[in-house]
Amino acid sequence: MATLNVSVVAADHEVWSGDAEMVVARTVEGQIGILAGHEPMLAILAGGEVRITLPGGEKLTADADGGFLSVDGDMVQIVASQAQLV
Amino acid sequence: MGAQLRVYRQKIKSAQTTKKITRAMELISASRIGKAQARAAASSPYSDALTRAVGAVASHSSVDHVLTTEPETISRAAIVIFTSDRGLAGAFNSQVLRQAEELAELLRDEGKDVTWYLVGRKAVGYFSFRQRAFERSWVGGTDNPEFATAQEIAEELLADFGDEAAGGVGEIHLIFNHFVSRITQEPLVRRLLPLSIVEASADDSAEVYPLYEFEPDAETVLDALLPAYIESRIFNAMLDSSASKHAATQKAMKSATDNADKLIRDYTRLANNARQAEITQQISEIVGGADALSSSAQD
């Protein structure tokens with residue numbers, strides 16, 4: 001199964017990047033889950049957590065307050081001025 | 001010891017002490033350049049992502065935003081100067097201040113009033129010495145810029161930007177030192193606002209953005225992205241300026257160390273000369289005295 005290439009970016013450094021199976025985030029419109037092959041999208045995050053499921057099934061949680069999410073091909077970028085892994 | 005010799009020895013000692021200090025400062029700056037460059041590189045994924053996103057929104061919708069619309073007439077302009085908190089960096093601060101004066105001159109010729117925003121103690125010193133007014137200043141921490149400071153500056157600028165009738169400014173320029181290499185840093189002028197977003201044209205080299213889905217909609221996305229984009233532009237300017245500052249300090253301190261070396265060498269020669277002259281004089285005095293004694297004994 002195809003994987004997503006995810007990067008979590010903060011203002012002064014790249015917090016995390018790697019392959020993932022699924023990304024779940026909450027946008028201003030509601031919760032959204034992204035799998036490989038998602039259509040290109042730009043969404044404003046409504047704060048809170050972004051959950052990243054790694055190919056092994058392991059789960060990562062990132063805190064990205066007041067940022068945005070962009071999906072382009074299988075590249076997912078979670079961008080926020082303050083972001084860190086929890 | 002003769003007076004002359006003592007004076008030279010004092011001068012040598014003082015040059016040696018200065019040399020120790022400048023040498024230490026040179027080494028410190030050299031190590032900080034690397035750190036500052038690494039920070040600039042670390043922040044580039046963020047600014048790249050923002051630039052891409054803003055470009056994508058702008059190219060796929062004809063959204064008019066207050067930050068991107070060019071007003072028909074501009075009568076007030078703001079200049080943000082990025083200097084350092086401390087000197088000892090050669091032409092670093094003076095070249096950026098000179099550039100700012102030139103820009104202000106140009107803007108005044110176009111019939112615009114200029115207001116100033118200052119970053120770094122050196123710019124504040126320059127302005128208060130000349131008793132000139134400025135809107136706001138941020139001092140401290142230019143050696144190691146914090147993102148929070150960039151956010152604060154962006155917030156202030158965005159609040160002042162806009163309606164000229166209400167006392168806002170119509171355009172904002174940034175002036176900062178750009179790090180070209182460890183040898184060269186040049187002052188750079190960038191217009192921050194109104195933003196000129198390069199539309200994806202028919203140009204083949206331009207990146208073609210995929211058809212994005214916007215959530216909730218393009219206007220809201222742009223609304224949220226543009227302030228972040230401006231913050232990141234300001235943060236980049238601060239990082240660039242701090243890397244340049246360290247490079248300029250290193251260069252200035254290197255030439256100061258070299259000059260101290262030259263002084264020490266010159267004064268050592270003079271001191272040797274003086275010592276030799278003293279010895280010669282003492283010998284001739286002894287010989288003269290002995291001659292006088294032996295001639296008086298024969299009598």
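Analyst: Start with helix H2 of chain B, residues 92–109. H2(B) has 18 residues and reaches 27 Å from its first C-alpha to its last. That is close to the 26 Å expected at 1.5 Å a residue; the expected span is 1.5 Å times one less than the number of residues. Helices here are DSSP runs (H or I, at least four residues), strands are E runs of at least two, and both are numbered from the N terminus.

This is a predicted model: local features need pLDDT of at least 70, side-chain atom pairs count only at pLDDT 80 or more, and totals for chains, interfaces and linings use all residues. Residues are numbered from 1 along each chain as its sequence is written, and chains are lettered from A and ligands numbered from 1 in the order in which they are written.

B:Phe92, B:Asn93, B:Val96, B:Leu97 and B:Ala100 are buried in H2(B). Buried means 20 or more other C-beta atoms within 10 Å of the residue's own; exposed means 12 or fewer; partly exposed lies in between; C-beta atoms are placed from the backbone. Seen down the axis, the buried residues of H2(B) fall within an arc of 110 degrees, so they line one face of the helix. The arc is that of the directions from the helix axis to the C-beta atoms. An α-helix has 3.6 residues a turn, so residues three or four places apart point the same way. The face of H2(B) turned away from the buried side carries exposed B:Glu101, B:Glu105 and B:Asp109.

What do the buried residues of H2(B) pack against? Their partners in chain B are strand E1 (76–82), helix H3 (121–129), strand E4 (171–179), strand E5 (185–193) and H5. Contact means C-beta atoms, placed from the backbone, within 7 Å. Just after H2(B), B:Gly111 takes a positive phi of about 80 degrees.

Next, the wider setting. Chain B is divided into domain 1 (3–24 + 255–289) and domain 2 (27–252), with bounds from an automatic or database domain assignment. Their centres, taken over C-alpha atoms, are 51 Å apart. Four residues from each domain make the contact. On the domain 1 side, helix H1 (3–60) and helix H5 (218–298) of chain B each supply at least two residues.

Finally, the partner chain. The contact takes 27 residues from chain B and 22 residues from chain A. H1(B) gives the most to the chain B side, with ten residues.

How values were computed:
Contact = placed C-beta atoms within 7 Å.
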